[in-house]
Amino acid sequence: GRVKGTSLVVSPHPAPQGPHGRPGARASSAAAVLDHAGALMLPRGAQQHSVRALVADGLRVALMSGEMRSGSIYSAPALGAQLGVSPTPVREAMLDLTKEGLVEVVRNRGFRVVDLSESELADLAALRCLLEVPTIGQIARSATAIDLERLKPLVQQIADAAQVRDVIMFVHLDRQFHLELLGLGGNRFLVESVGELRNRERLAL
């Protein structure tokens with residue numbers, strides 16, 4: 001089936017509650033970020049993606065923006081109904097996110113967003129430094145003016161998203177910019193690895 005429109009409302013099973021029965025801080029901040037709309041704008045260019053890839057991209061943005069909350073459980077049928085697609089591509093997309101370490105399978109319930117500890121976050125940051133710092137140094141020496149010129153439209157789009165406080169689009173474009181910058185080093189395996197590390201780090205924001 002086709003994705004219905006470009007909006008995904010991400011509704012989990014009842015989320016763990018904080019002290020005194022109130023939702024945790026992450027739930028409150030997510031609602032504030034989205035202006036209480038609860039709507040995720042899926043990345044543009046649907047015609048260039050399979051439904052599975054489009055759903056996966058949209059869920060990654062929801063995870064990175066904090067709209068999908070750590071510890072919350074989401075079912076493929078519920079998400080599929082909101083997107084206007086069958087549960088199958090949603091389940092496949094969630095399994096892709098499982099391989100990336102972003103969610104974990106909860107038997108007979110769905111998928112839980114992974115919650116990272118401070119120690120795990122420090123390990124991720126250290127690994128990113130090992131991969132990115134020498135690569136950026138190499139790019140600084142080898143990149144041409146034309147290479148850098150190609151990144152300018154993305155820089156402007158990031159600034160525009162920040163200006164209008166579109167946090168979801170800002171997160172999406174910021175990730176795209178940094179991965180395209182690293183891509184100038186010519187090592188696609190490094191870019192893929194850093195992309196997954198950045199995704200995992202965003203879960204804690």
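Which residues does Leu 97 touch, not counting residues up to four places away in sequence?

**Figure 1. Surroundings of Leu 97 in the predicted model.** When residues up to four places away in sequence are not counted, Leu 97 touches Ala 56, Leu 59, Arg 60, Leu 63, Leu 102 and Val 103.

**Figure 2. Packing of helix 2 against helix 4.** Two packed helices are described by the angle between their axes and the distance between the axes. For helix 2 (residues 51-65) and helix 4 (residues 87-99), the angle is about 55 degrees and the axes lie 8 Å apart. Helix 2 is therefore oblique to helix 4. The crossing of these two helices is right-handed. Sorted by class, the contact of helix 2 with helix 4 comprises 10 nonpolar residues, four charged residues and no polar ones.

**Figure 3. The largest nonpolar core.** This core has 19 residues, of which Leu 59, Leu 63, Met 68, Val 90, Met 94, Leu 97 and Val 103 touch the most other members. Two or more residues are given to the core by each of helix 2, helix 3 (76-83), helix 4 and strand 5 (110-113). Helix 2 supplies the largest share, five residues. Another core, of nine residues, lies apart from this one and includes Ile 139, Leu 151, Ile 158 and Phe 177.

**Figure 4. Pro 87 and its contacts.** Pro 87 is found in helix 4. Its relative accessibility is 30%, so Pro 87 counts as partly exposed. Not counting residues up to four places away in sequence, Pro 87 touches Ala 76 and Pro 77. The C-alpha atom of Pro 87 is separated by 8.7 Å from that of Ser 75, a residue 12 positions away along the chain.

Figure 5. Of the 205 residues in the protein chain, 39% are buried. Among contacts in the protein chain with a separation of 6 or more, 70% are accounted for by residues 24 or more positions apart.

Definitions and conventions:
Residues are numbered from 1 along each chain as its sequence is written. This is a predicted model: local features need pLDDT of at least 70, side-chain atom pairs count only at pLDDT 80 or more; totals for chains, interfaces and linings use all residues. Side-chain values use heavy atoms; hydrogens and water are left out. Axes are lines fitted to C-alpha atoms, for helices over the stretch in contact, and angles run from 0 to 180 degrees between N-to-C directions. Helices (H or I, at least four residues) and strands (E, at least two) are DSSP runs, numbered from the N terminus. Angles under 35 degrees count as roughly parallel, over 145 as roughly antiparallel, 65 to 115 as roughly perpendicular and the rest as oblique. A crossing is left-handed if the near helix is turned anticlockwise from the far one by less than a right angle, and right-handed if clockwise. Ala, Val, Leu, Ile, Met, Phe, Trp, Tyr, Cys and Pro count as nonpolar, Asp, Glu, Lys and Arg as charged, and the others, Gly among them, as polar. A nonpolar core is a set of buried Ala, Val, Leu, Ile, Met, Phe, Trp, Tyr and Cys residues joined through side-chain atoms within 4.5 Å. Buried means under 20% relative accessible area, exposed over 50%, partly exposed in between (1.4 Å probe, protein chains only). Contact means heavy atoms within 4.5 Å.
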